[in-house]
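Welcome! Have a look at the structure first, then try each task before reading on.

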Amino acid sequence: MILLSLPYPVRAGYRDAEAAFVRGDYTTAQRHCQSVLDARESTRRDRARASYLEGLMARNGFGMPRDAFAAWLSYSAAASLGSPRGRYGMALMLCEAGRDLALPASFRADRLFGEAFPGLLEEARNGELLAQAMVGRMYEKGYGVSRDEGEAFSWYRRAAENGSAAAQVNLGLMLLHGRSTARDTDAAGRWFRLAAQRNDPRGQLLHGMAILNGWSERISLSRAMTWVQKAADAGLVEAWTVLGYILAGSNPEHDLSRAIAALERAAGEGDGRARLRLASLLETGDPKRARLLYTEEAQAGCVEAQAALGHFLAASGDPENYPEALRWLRTAAEQGSAEARRNLAVMYRNGWGVPRSVVDAWLWGEAAARVDDDPQSTPDSPLQWLLKVK
């Protein structure tokens, strides 16, 4: 009888898991999700949502190493329980794979998005926070519904105001770019800060960039690096790239060995921009590796790498490298690279691998100037803006 009088342990429900996730406490969110999945009394709906949330954390590396396979299994489990969130997660992974996978029609991204949208829209209208963020993304990207940035902005704002870090990041990006609204860098910076405070790695990176650029706060290189480092430590590959660029720049935080280590880490994860910056840092100390990195990216079709490789070979001063330098410079120049056109002008002016020609040098110089004067040639992604900071 004494045992029966002891209080029965209260199991965490799905709402506890989602609340922990929203406030950025991913360890607690994982524990609550597992509690829901282990409890026989859990409803089918809660089990499906817990599975989706586990997949979301595994895919993004929230509180754990990234694990695409585990994410796919969790999303599939959610979908098998009838969850539109599970179908959305599966579709997103298929879409982001960037290739046409040999899968049955029932596993095609467009079909899964289409099946998920009505259910997610109903959930969003009923005030479900995660669903609101998903619906915003579907409208923004045209996933399962006609693309509508106005609707995307509206749903992102609703979810962001309710505490969704993902929506706060995406709303901030729309404000930063002036998409479906007036451009407002200060407002964007405030949303990035809120997402960062919820331990969202993208929010941490963007908050660091906001501080570096003076969006909503005073510029502080040391504070910016603190947030970028947090994003990098959370496993965000792009953050390691940004960290490498900052450390390699001409600023008080300059540290070439740390820059190379950060870029090596990002390059090892396949980040092409990290590989390019790493190659530029290795040109003097390890020219063979620099050439290899440039060549791999150039052959993959990266115009910036083609121009950089052409410049690297031309600047070597070895006449045997000039034919290959000209080939890569022309390839990049034909695709609009101002850098490649300027270097072609130099080669014609000096007669490197081609007959010396003042006229051709002038023509390539003029072609480069036209690109420089074109406002649409200016990089417009926040990451690209940051990487221009030295």
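**Exercise 1.** Which residues does F21 touch, not counting residues up to four places away in sequence?

*Solution.* Keep in mind that this is a predicted model. Begin at F21 and set aside the residues up to four places away in sequence; the contacts that remain are Y26, A29, L53, L56, M57, F62 and L130.

**Exercise 2.** Find out how many helices and strands the protein has, and what share of its residues is buried.

*Solution.* Start with the secondary structure: there are 21 helices and zero strands. Then turn to burial, where 48% of the 390 residues count as buried.

**Exercise 3.** Decide whether T28 is buried or exposed.

*Solution.* First locate T28, which lies in helix α2, residues 26–38. Now compare its accessibility with the cut-off: buried means under 20% relative accessible area. T28 has 12% relative accessibility, so T28 counts as buried. Leaving out residues up to four places away in sequence, T28 touches A20 and R23.

**Exercise 4.** Which residues make the nonpolar surface patch of about 340 Å²?

*Solution.* The patch is made by V359, W362 and L363. Take L363 as an example: this residue is found in helix α20, which covers residues 358–372. Because L363 has 42% relative accessibility, L363 counts as partly exposed.

**Exercise 5.** Where are S180 and S216 found, and what are their phi values?

*Solution.* Take S180 first: it is found in the loop between α9 (165–177) and α10 (185–197). Phi of S180 is near 65 degrees, a positive value in a residue other than glycine. S180 counts as partly exposed, at 41% relative accessibility. Moving on, S216 is found in the loop between α11 (201–213) and α12 (221–233). Phi of S216 is near 75 degrees, again a positive value in a residue other than glycine. With 27% relative accessibility, S216 counts as partly exposed.

**Exercise 6.** How many disulfides does the structure hold?

*Solution.* The structure holds zero disulfides. C33 counts as buried, at 0% relative accessibility, whereas C95 is partly exposed, with a relative accessible area of 31%.

Conventions: Residues numbered from 1 in each chain as written. Predicted model: local features only at pLDDT ≥ 70, side-chain atom pairs only at ≥ 80, totals over all residues. Heavy atoms only, no water. Helix = DSSP H or I, 4+ residues; strand = E, 2+ residues; numbered from the N terminus. Buried < 20%, exposed > 50% of the residue type's maximum accessible area, 1.4 Å probe, protein only. Contact = heavy atoms within 4.5 Å. Patch = residues over 30% accessible without salt bridge, like charges linked within 9 Å, V, L, I, M, F, W, Y side chains within 5 Å. Areas by Shrake-Rupley, 256 points an atom, 1.4 Å probe, with all protein chains shown as cover. Salt bridge = Lys/Arg side-chain N within 4 Å of Asp/Glu carboxyl O. Disulfide = S-S within 2.5 Å.
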